[in-house]
Amino acid sequence: MSPKGSCAARGSEAIHARLKQLLKQRGLAETEVRACSSGCLDTCWAGPSVCVEPDHVFYGRVTLEDLDEIVDALQQGARVERLLLSADDFETPEPLRKLGRKGDQTAS
Ligand code: FES
């Protein structure tokens, strides 16, 4: 595994599947919210990462247990403050910077 970490290694595929299921159960999937997977969002060390667009909301360290709260927030037009990535989370941690491109990750 990459030194940067990997969302997939932390369960992102199960999180994506469960998020899609919750959105469908609540009737959001057809009209309001689409759960798409993506390539790496370049916050691997804080993954699994979830980006809500066009709201520009970035969640990190998301677990299956967080998804009901995330979907609640989507329904209410709110955000889950405790899961928001900080400005520091968008900076590559120093030990990884020293590794250079060897730490690159290509898929979430
Ligand atoms: S942010 Fe998910 S693998 Fe990089």
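Let's start with how residues are sorted: Ala, Val, Leu, Ile, Met, Phe, Trp, Tyr, Cys and Pro count as nonpolar, Asp, Glu, Lys and Arg as charged, and the others, Gly among them, as polar. The model is predicted, so local features need pLDDT of at least 70 and side-chain atom pairs count only at pLDDT 80 or more, while totals for chains, interfaces and linings use all residues. Residues are numbered from 1 along each chain as its sequence is written, and side-chain values use heavy atoms, leaving out hydrogens and water.

**The lining of the largest pocket**

- By class, this lining has 19 nonpolar, 7 polar and 6 charged residues.
- α1 gives the largest share of the lining, 6 residues. (Helices, H or I with at least four residues, and strands, E with at least two, are DSSP runs numbered from the N terminus.)

**Cysteines**

- The count is 0 disulfides, a disulfide being a pair of cysteine sulfur atoms within 2.5 Å.
- Cys36 is exposed, at 57% relative accessible area, whereas Cys44 is buried, at 2%. (Buried means under 20%, exposed over 50%, partly exposed in between, with a 1.4 Å probe and protein chains only.)

**Around Tyr59**

- Leaving aside neighbours within four places in sequence, Tyr59 is in contact (heavy atoms within 4.5 Å) with residues including Pro48, Val50, Ile70 and Leu85.
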